[in-house]
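Please look over the sequence and the structure shown below before reading the notes that follow. They are arranged by topic, so that each point can be checked against the picture.

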Amino acid sequence: MLLRRNLSPNPFSLLRSITAVPFSTSAVDFLPSYTVTPPIQDWPHHLHPKRLISLITREPKLDLALQILHHASKYHPGFHHNYHTYHAIIRRLLRSRAFHLIDPLLSDLRASNLRCSEDLFISLIRNYGVVSRPKLAFKTFITIPKFGVQRSVRSFNALLNALVQNHEYRLVHSVFRNCRERFVVAPNVFSCNILIKALCKRNDLETAHQVLDEMPAMGFVPNVVTFTTILGGYVSRRDMVGAKRVFGEILDRGWFPDVTTYTILMDGYVKQGKLVEAIKVMDEMEDNGIGTNEVTYGVMIEAYCKEKKSGEAVNLLSDMVEKRYIPSSALCCKVIDVLCCEGKVEDACVLWKRLLKKNCTPDNAVLGTLIYWLCKKGEVWEARKLFDQFETSEPPDVMSYNVLISGMCEVGELCEAGRLWDDMVEKGCSPNSFTYNVLIKGFCKIGKAKEGIRILDKMFEKGYLPNKSTYAMLIEGLCDSGEDAEMARVISMSISSGDIDSDSWDLFLTKVVGDLDTGESVLDRILLENAD
């Protein structure tokens, strides 16, 4: 009778009645008629691990993917996870950098006694290395046997790479020495190459050579990568004689240097300012049928830019793009800057538009560089036109706005500078200290120092401080317009901030304090306001 009375249409009273019933036989019989709603619609009636992996992989929301995983194991009749379902969700967590959620899943996996693969732990080690968590990488490697998995040289090499990525060079050497006794892992030639890389990064070329000499006794034959790594160590030392000697050893062994070997050698010559030698190496590489890659192009283009050889830099950049390599925005910026330095601003604009058509990513650094040089030439409206064209593909940043506002202020176009300011604020790009300073100077330059004071007050409201030159221009502008009271206020501000220069102080003393009727009282007030 009591049970029937509690089965009312009100769901909340129903819930209360269920929780109030003790776990007797009747209550247990009653509960199975209630089901938990699945986290997604169209939940499959027949669920198997491959279907679950598909659901987890295709679900764009990570929290929902986790709910799918947990719902399957807790509420779907007869479903049991396998190793692959755990691997799928952990891959999702790694891609999302949700590392804090991984440990509970690993604990579940370990408790399940499922047969695991080493691939899962290699993925974890590599990802921990990428995000600068070498301790977690090491911990993962150590715990592999607890999951019933035998460590192999694959996970060992993944650990060594993670340690090198995070500059743990001494630890690499220690781990390598203990690989057989402590970790029961036999290294291979790749392990030796990683160790040599760590030693070269430590500038310990002597020990690197010792490892190289010991490799045959360990049953390993050094390869081109081994010698290229040591060559890179000499380049880092700026020892091009040693680097060239190692390069000669590669040739003496009858091996063919690859593009990485040539590029490292070129980079060494470039860093020493020996562009001619670098060009010779590049010509030799091409003569031997080795094609350039994006790193080679980057090294040589930067070298040409450094030597102010814009023509060669542009030609190489064009060649790079024709071979379907996408140059970085930093590289494009350097080429455009060197063109502009040589007065070829129009050529730089044409080059950038051509690069955009070749799928180069729009970039505010390049835009800022072009606008700066156009404004410097006095072509502020061309700069504004370029700014508007660029705005359609990439929202300009505060630097791009600042450069154009500064250019407009420089030529007295304060109305346009104001419009840019409004546009900037409207689009959620907050002005910074430079923006305020340049506008104040712009108004002072055209004789509207009082407008500059208005901006100065806004500047203080936002927590920004004027620089010394801004104070100086304001004081001079207010002095020229006879605004003695405002000038005294600005002087007081600059004294309190410690940013008044001698010229501004001399001007104030001459124009204001020099007035015998009012000067003494004004000076007394300012000194009193700034007394400790």
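Predicted model: local features only at pLDDT ≥ 70, side-chain atom pairs only at ≥ 80, totals over all residues.

In which helix does T435 lie? T435 belongs to helix α26, which covers residues 433–445.

**T435 and its surroundings**

- T435 counts as buried because its relative accessibility is 0%, and the cut-off for buried is under 20%.
- The side chain of T435 is joined to the side chain of N432 by a polar contact of 2.9 Å.
- When residues up to four places away in sequence are not counted, T435 touches V398, N402, I405, W421 and M424.

**S155 and its surroundings**

- S155 is found in helix α10, made up of residues 153–165, and S155 is buried, with a relative accessible area of 0%.
- A polar contact of 2.5 Å connects the side chain of S155 with the side chain of E118.
- Once neighbours within four places in sequence are left aside, the residues in contact with S155 are E118, I122, I125, F141 and I144.
- Although S155 and I122 are 33 residues apart along the chain, their C-alpha atoms are separated by 5.3 Å.
- F141, one of the contacts of S155, is also linked by ring pairs with F138, F156 and F183 into a cluster, and R151 lies over the face of F141, at 5.0 Å from the ring centre.

**Helix α16**

- Helix α16 has 13 residues, and the distance from its first C-alpha to its last is 18 Å, close to the 18 Å expected at 1.5 Å a residue.
- At the start of α16, a side-chain oxygen of D258 comes to within 3.2 Å of the backbone nitrogen of T260, while after the helix comes G273, whose phi is positive, near 75°.
- The buried residues of α16 include V259, Y262, L265, M266 and Y269, and the buried residues of this helix pack against α14, α15, α17 (275–287) and α18 (294–306).

**Aromatic pairs**

- The count of aromatic pairs comes to 12.
- One of them is formed by F227 and W255, whose rings are edge-to-face, with 5.5 Å from centre to centre and 65° between the planes.
- This pair links distant parts of the chain, 28 residues apart, with F227 in helix α14 (residues 224–236) and W255 in the loop between α15 (240–252) and α16 (259–271).
- Is F227 buried or exposed? F227 counts as buried because its relative accessibility is 2%, whereas W255, at 23% relative accessibility, counts as partly exposed.
- F387 and Y401 form an edge-to-face pair, with 5.1 Å from centre to centre and 65° between the planes.
- F387 lies in helix α23 (residues 380–391) and Y401 in helix α24 (residues 398–410), so this pair ties together parts that are 14 residues apart in sequence.
- F387 counts as buried at 0% relative accessibility, and Y401 is buried too, with a relative accessible area of 1%.

**The nonpolar core**

- In soluble globular proteins, nonpolar side chains tend to be buried together.
- The largest nonpolar core in this model has 156 residues, and those with the most contacts inside it are L124, M300, I301, L370 and L439.
- L370 touches I336, C340, A348, C349, W352 and L386, when residues up to four places away in sequence are not counted.

Key
Residues numbered from 1 in each chain as written. Heavy atoms only, no water. Phe/Tyr/Trp six-rings, centres within 6.5 Å; stacked < 30°, edge-to-face > 60°. Helix = DSSP H or I, 4+ residues; strand = E, 2+ residues; numbered from the N terminus. Buried < 20%, exposed > 50% of the residue type's maximum accessible area, 1.4 Å probe, protein only. Lys NZ or Arg CZ within 6 Å of the ring centre and 35° of its normal. Contact = heavy atoms within 4.5 Å. Polar contact = N/O pair within 3.5 Å; in protein donor to acceptor, adjacent residues only side chain to side chain. Core = buried A, V, L, I, M, F, W, Y, C linked by side-chain atoms within 4.5 Å. Expected span 1.5 Å × (residues − 1).
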